[in-house]
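Me: Hi! Could you walk me through this model? I'd like to start with confidence and then look inside.

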Amino acid sequence: MTTVMRLRQLIEGTVSEHVPLSTISRWKIGGSADLVIEPSSLQEVIRVVDLLRSEAIPYAIVGSTSNILFSDKEINAAIIKFGKNLSSINYDSEKKIISCDAGCWMPRLARMGLSLGCSDFEHLVGIPGTVGGGVVMNAGSKQQSISETLDHVIALGSDNKLHRLEPSDCEFDYRHSCFQSGEFIVLRAFFRPINTDTKRKIRARMLSTLAERRRKFPIKLPNCGSVFKADKTQYSKYGAPGRVIENLGLKDTVCGGATVSSTHANFIINKDKATAVDVIRLASFIKNKVEAEVEYKMESEIKYCTEFGVFVPLHEAFKWLSE
C-alpha cells in the first residue's frame, strides 16, 4: 500500500498529489508539492506526522502561508496545511483563558477579544495569518507581539509526544520563537487576557487599524507582508525599513515579475507571474543597496521553503543566487 493510500485511510481530511503551490501561496508563487495534506482535526495531525516520520518522509507545516516563499522547484516533501478544519476558538470563563487551534485566523482572536472587552488582541485584527503561524513567528504589529498574553502552548514534539510549553520555554524575541527550529509543532495556543477597555473604544481602534492597513498596504495584490524586520535597535537609528527603502528611491523597482510596491516599500508584490527567484533577487538587491547607502543591515522576516521542505530565512537564500 502506498503512503498516499495509507494517509487517505488514516484521516478524513484531504490528501492531494502534485499540487501547484501557487494555488495555496499568498504570493501566488511556487513549484509543486509531492503531497499537500489538510487534516480535519488535531488528532489527525498527530497521526499524519507519526506516519510521515515512520516512513522518513520530510514534511513542512504551513497555515495561511503568510511570511512564506515557496521554491520554484518541485518540493520533495509533504506539505501539511492547517486550515479552517483546525480553527476552533473558545473562552473558558472560569479560568479566563482563550484557547485557539493553530489554524484559527488571527483576526478571529482579535474579534474574540472585542467580545470580551479585552484590548490585548486588537493589534492582530488586520494580520492575515493563523494563530499557529503567529506563535511561531511571534507575530504582531504596532510594537506588540502575540506572545505578550500567551499563557501556554500545546505542541507535538519530535518525540511524537504532546508537550505543554510555558512562555519562558518558547525563546520569544522579535519575530522569533523556539518553534522555528522545527522541533515542535504548535497545535493549540492558550491566551490570558490582561487589559480591558470598553467595547466601543476597542471596536473603534480596530476599525482604525483596518482602515490604516487598507491605506498603507497593497492588500489587493499578491504579497507576503513586510519583507524585512523592523529591528528595534536599528529602527531607533534609521527608522522603519519601508521608509529607508522608500528614501533610497526603490519603490517600483522591478525584477522579472516582482516589484517593490508603490504603496509600501517594504512589500514585494507579484505583479506579473513572478517566480521565487525574482523575489529573492529583488530582496537581495534591496538589502545590498540599503547596506551600501546607510549601513542598515536588514534581515528578512520571510521564510523560504526549499525544495526539501526546509524553512530558512529569506536572506539566507541570497547566497544561492551566485551558485
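This is a predicted model: local features need pLDDT of at least 70, side-chain atom pairs count only at pLDDT 80 or more; totals for chains, interfaces and linings use all residues.

Me: What is the mean pLDDT of the protein?

Reply: The mean is 93, and 99% of the residues reach 70 or more; pLDDT is the predictor's confidence in each residue, from 0 to 100.

Me: Which element has the lowest mean pLDDT?

Reply: Helix α6 (residues 232–238), at 76, while strand β12 (residues 258–260) has the highest, 98. Helices (H or I, at least four residues) and strands (E, at least two) are DSSP runs, numbered from the N terminus.

Me: New topic: is S87 buried or exposed?

Reply: S87 is buried, with a relative accessible area of 13% (buried is under 20%, exposed over 50%, partly exposed in between, with a 1.4 Å probe and protein chains only).

Me: And where is S87 found?

Reply: In the loop between β5 (75–81) and β6 (89–92). A polar atom of the S87 side chain lies 2.5 Å from the backbone oxygen of K84. Beyond neighbours within four places in sequence, S87 is in contact (heavy atoms within 4.5 Å) with D101, G103, C104 and R108.

Me: Which residues touch the most other members of the largest nonpolar core?

Reply: L109, V131, F179 and F191, out of 47 residues. Helix α2 (residues 42–54) gives this core its largest share, seven residues. A nonpolar core is a set of buried Ala, Val, Leu, Ile, Met, Phe, Trp, Tyr and Cys residues joined through side-chain atoms within 4.5 Å.

Definitions and conventions
Residues are numbered from 1 along each chain as its sequence is written. Side-chain values use heavy atoms; hydrogens and water are left out. A polar contact is a pair of N or O atoms within 3.5 Å; within protein, one must be able to donate a hydrogen and the other to accept it, and residues adjacent in sequence count only if both atoms are side-chain atoms.
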